[in-house]
Amino acid sequence: MKKIKLPLNEEEIKDLKAGDAVLVSGKVYTARDAAHKRLHEMIQNHQELPIPLEGSAIYYVGPTPAKPPHPIGSAGPTTASRMDAYTPELLDLGLQVMIGKGKRNEAVKEAIIRNHAVYLITCGGAGALISHCITDARPVAFEDLLAEAIVELSVKDMPCFVGIDIRGNDIYEE
Amino acid sequence: MRTIHTEDIKKRVREACGQMAHVYCSDILKALKEGRERETEERSVIAMDILLENAEIAEKEQIPICQDTGMVIAFITIGQDVRIEGGLLKQAVEDGVMEGYRDYYLRASVVSDPLFDRINTRTNTPAIIYTDITEGEDLVIELMQKGFGSENMSAVKMLKPAEGIEGVIGFVTDTIRKAGPNACPPMIVGVGIGGTFDYAAVLAKKALLHSTEEDNPNPRYAALEKELLKRANDLRIGPMGLHGKTTALKINIETYPTHIAGLPCAVNICCHACRHERLVF
């Protein structure tokens with residue numbers, strides 16, 4: 001499996017093709033339904049966002065609570081399509097990488113192409129294994145949302161496939 | 001008359017919450033391993049190997065199999081010669097869930113109001129509790145931790161009687177096709193046929209509690225289960241939705257008499273980690 005390190009430069013993003021197996025390392029922010037809703041409202045109200053979007057990566061995950069001494073509990077992907085309504089806006093503001101599971105809609109696909117971004121998928125229901133790839137977790141925002149809070153994760157060699165590449169090719173439609 | 005104390009109920013529900021979250025049912029793990037052997041394409045093999053390794057890590061290190069540790073469903077069957085001592089039966093189940101989710105570091109995934117506030121209750125309660133009364137002195141609680149990636153892809157349809165077997169096959173297959181990668185395949189599928197609009201859905205959920213090694217006792221429905229499984233696997237959704245051979249591990253059917261005008265059919269989709277446990281008191 002090819003190793004990639006976030007953030008990706010233009011060349012590295014271009015090299016990723018739908019279906020490629022990759023091991024991902026770097027920083028990702030967790031965000032799912034409720035956090036996306038709040039980010040959307042903040043954007044609408046011209047408020048400063050709690051995370052920088054430019055060149056960043058979002059992992060759609062709501063982990064189980066961390067059991068000491070581990071930094072995080074079980075942490076597999078949640079269904080990405082629930083975030084579709086909010087995603088093009090985030091991509092247009094610079095979001096580069098999304099990690100989740102399942103298909104995306106056409107609007108997301110178009111925004112991926114337009115912004116040279118990439119959608120990665122990882123294995124649904126493999127939260128215990130994926131927790132081994134997370135070396136650090138730092139709360140960033142919306143802690144009142146518990147499992148839905150935004151947390152900055154350091155990931156190392158997280159196993160993924162390229163779901164949608166910058167040409168709009170889709171692993172699920174091959 | 002037999003007396004069962006709510007403390008015993010609470011304690012065993014609490015323990016079951018940890019067990020279900022960390023350890024695959026042995027029949028499902030076996031079916032998953034058999035599915036792994038059938039896969040030939042690299043991506044599907046990788047996906048199945050990840051799931052099997054995940055199962056090992058989860059059990060060994062007591063990390064939940066999946067971060068969505070679900071909403072708890074309890075089917076309680078109580079003999080009418082049982083006396084519950086120490087408080088309310090349903091509260092004992094809720095307390096067991098509350099303590100289990102806290103003590104085993106499971107995710108609180110329940111929001112109090114479904115539409116407006118959506119505030120997390122922080123305890124993963126309330127659970128969904130069904131009660132049934134039967135003869136005798138036994139108390140049986142069948143528990144399930146149901147994740148919503150797959151629950152969201154479930155469906156009910158009020159078929160016309162004239163649509164018959166083909167109607168059922170078409171609806172079940174279509175629901176599985178639409179579930180696709182979202183439901184974390186390979187799936188376990190519960191099908192409820194008959195009853196009413198609501199009861200068909202309860203039957204579908206109950207069908208998920210059966211062992212994957214167990215067929216419907218009625219040979220015609222057992223044959224239909226096999227036919228549906230074949231159709232599901234012919235969809236080539238496969239592990240992780242990467243077009244492999246194993247889309248479903250098992251399809252179980254539960255039935256009930258229905259009205260002359262109806263043929264209700266419900267399909268409850270579950271991911272590969274169909275987490276359930278039967279507590280007999």
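Biologist: A salt bridge is a side-chain nitrogen of Lys or Arg within 4 Å of a carboxyl oxygen of Asp or Glu. With that rule, how many are found across the interface of domain 1 of chain B and domain 2 of chain B?

Modeller: One. B:K146 pairs with B:E151, and their closest N and O atoms are 3.0 Å apart. Keep in mind that this is a predicted model, where local features need pLDDT of at least 70 and side-chain atom pairs count only at pLDDT 80 or more, while totals for chains, interfaces and linings use all residues. Residues are numbered from 1 along each chain as its sequence is written, chains are lettered from A and ligands numbered from 1 in the order in which they are written, and side-chain values use heavy atoms, leaving out hydrogens and water.

Biologist: OK, what is the mean pLDDT of chain B?

Modeller: It's 97, with 100% of the residues of chain B at 70 or more; pLDDT is the predictor's confidence in each residue, from 0 to 100. For the complex, the predictor gives an ipTM of 0.94 and a pTM of 0.95.

Biologist: Back to those domains. Where are they in chain B?

Modeller: Domain 1 is 2-20 + 65-146 and domain 2 is 148-273; such bounds come from an automatic or database domain assignment. Their C-alpha centres lie 26 Å apart.

Biologist: And how many residues are in contact between them?

Modeller: Ten residues of domain 1 of chain B touch 13 of domain 2 of chain B, contact being heavy atoms within 4.5 Å. About 930 Å² is buried there, 74% of it from carbon and sulfur atoms. Buried area is the accessible area (1.4 Å probe) that two parts lose on being put together, summed over both.

Biologist: Which residues supply 59% of what domain 1 of chain B buries?

Modeller: B:F75, B:M144 and B:K146, more than any other three residues.

Biologist: Switching to the two chains: what area is buried between chain A and chain B?

Modeller: About 3000 Å², with carbon and sulfur atoms giving 63%. On the chain A side, A:K67, A:L129 and A:F161 supply 17% of the area buried against chain B, more than any other three residues. The contact takes 41 residues from chain A and 32 from chain B.

Biologist: Last one: which residues have the most contacts inside the largest nonpolar core?

Modeller: A:V24, A:L120, A:I150 and A:M158, in a core of 94 residues. A nonpolar core is a set of buried (under 20% relative accessible area, 1.4 Å probe, protein chains only) Ala, Val, Leu, Ile, Met, Phe, Trp, Tyr and Cys residues joined through side-chain atoms within 4.5 Å. A second, separate core of 26 residues includes B:V13 and B:F281.

Note on methods:
Buried means under 20% relative accessible area, exposed over 50%, partly exposed in between (1.4 Å probe, protein chains only).
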